Amino acid sequence: MAALLLVLLLSVAAPASGIAALARPALGGHKVAASRRRLEQQPVSLAVAFDGGVLAAITPAALGRDAASASVCAGAAWMWVAFWSKLAADGRIQPNLSRKIIHTGSAPLFMLCWPLFSPAPSAPILAGAVPLLQIIRLYRAGRAQPAQPTPVGAAEADDTADLVKAISRSGSRSEALGGPFLYTLVLLVATVLGWRSPAAAVAICQMAVGDGVADIVGRRYGSVKWPFSPSKSVAGSAAFVASTAETEIEPPPARRTKPRAASAFSASLGLISLFHAFGFTALTAAAAAPAVLLISLLSAAVELLPTRPAAVELLPAELADDNVSVPAAAWALSAWLLSAG
C-alpha cells in the first residue's frame, strides 16, 4: 500500500518538485560552479539531487549544517509529540484533542524549520530523516504488541504507550499504523519531492491544518451536519478554509487557554511568505492568495467525501484516507494554479 501511495503522490508532485530534471542531460563533473548557481536559483528536490553536477556541489560544511538542522528538528519533533502525549496520558486533555493538535501542528512546524537547512542537495535527504524517524516510531508503537485497547492509566513496559493514547481514537495500537502513519509518510514524500516548493507547502497545510482544525472546531460547534456526509459539520468545513474560532485547550476546572485557530488558507499563505522571504520561490502570498483560497475550498470539499465512496470502492482504503486524498488533490491543484512558484 505504501508503494501505491508513493506512486500517487509522485505523479501529482512532478510538475512542482523538479522531477522533470531527470530527463535533462546530467551536468559534467567539472561544472560545479554552474551547479552552485543553479542551487541558489531554485529549490532542490530529491530528483535534482541525483544530477551528477549538483551532487558535486555538496560540501562538508553543507553536510554538517544539514545534519545539525535535522538533529534539531528531530529533537523538536520528539518534544512536540511527547508534550501532548504526556498531557493526554495524564488526563489533562482528551485524547481526541491531543491527536488533532499533533495532527495540526507537526507538519507545518517542521516546514517552518526548512530555512535552517543549506541550499545543497543534501538538505531534502537529511531533512527527510525527521519524518522517517517518526515513521519508525509509529511502526514500533503499532507492532509492539497485539492490537488491543490500552486502558487509560494502565502501566506498560515500553515507551510507546503515551504515544498510542495521544494519537489514537480508541487506544488501540493498530491505529498508529493508520492515519498517523499515512500522515507522516505524506510528509516524507513532500520533503524529498517538494522541498521548499509552494505546492508542497499548500498540500501539507490542507492535510494538517485544514483537516485538523475542521475536526477540532466541528466537535465543539458542529451541530449542523452536511446531509450527504453526516459525520462532517458545516462549522468544521468553514474552519478548514478560514477559521476564526477559539480552541479550548485545558478542560475545566483547570485554567483554560483559548488560542485562535489557524486555517488551511492562512497557514498556506504563511509558509509561502516564509519561502519567498528566504528566496525559495518568486511567488508572493498576495499573488498566491486567490489560487490558495480556491485550493482550500476544493480541498475542504474533498475532505467531505465519505471514507469509501462508490467512485473509489475498488481502490485500496489508504488512498481514500483524508491524509492521502486531501494533500494529493491540493498538490495537483497547486502544481496547476501556482506554476509561477
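Reader: What makes residues 70-89 a helix, and how far apart are the end C-alpha atoms?

Author: In this predicted model, residues 70-89 are 100% helix and 0% strand, where a helix is a DSSP run of H or I with at least four residues, a strand is a run of E with at least two, and both are numbered from the N terminus. The end C-alpha atoms of the span lie 28 Å apart. The unreviewed UniProt entry annotates residues 70-89 as a "transmembrane region", along with 44-63 and 261-279; such annotations may be inferred rather than shown by experiment.

Reader: Which residues of α8 are buried?

Author: They are Val130, Pro131, Gln134, Ile135, Arg137, Leu138, Ala141 and Gly142. Buried means under 20% relative accessible area, exposed means over 50%, and partly exposed lies in between (1.4 Å probe, protein chains only). Seen down the axis of α8, these buried residues fall within an arc of 165°, so they line one face of the helix. The arc is taken from the directions from the helix axis to the C-beta atoms.

Reader: Why is Arg196 called buried?

Author: Arg196 has a relative accessible area of 5%, and the cut-off is under 20%. Arg196 is found in the loop between α10 (179-193) and α11. Its phi is near 60°, a positive value in a residue other than glycine.

Reader: Why is α11 called roughly antiparallel to α13?

Author: The axes of α11 (residues 198-221) and α13 (residues 264-277) come within 8 Å and cross at roughly 150°. That makes α11 roughly antiparallel to α13, as angles under 35 degrees count as roughly parallel, over 145 as roughly antiparallel, 65 to 115 as roughly perpendicular and the rest as oblique.

Reader: What makes α12 and α14 roughly antiparallel?

Author: The axes of α12 (residues 234-242) and α14 cross at roughly 150° and come within 9 Å. The two helices are therefore roughly antiparallel to each other.

Reader: How were residues numbered and selected?

Author: Numbering starts from 1 along each chain as its sequence is written, and side-chain values use heavy atoms, with hydrogens and water left out. Local features need pLDDT of at least 70 and side-chain atom pairs count only at pLDDT 80 or more, while totals for chains, interfaces and linings use all residues.

Notes: Axes fitted to C-alpha atoms, helices over the stretch in contact; angles between N-to-C directions.
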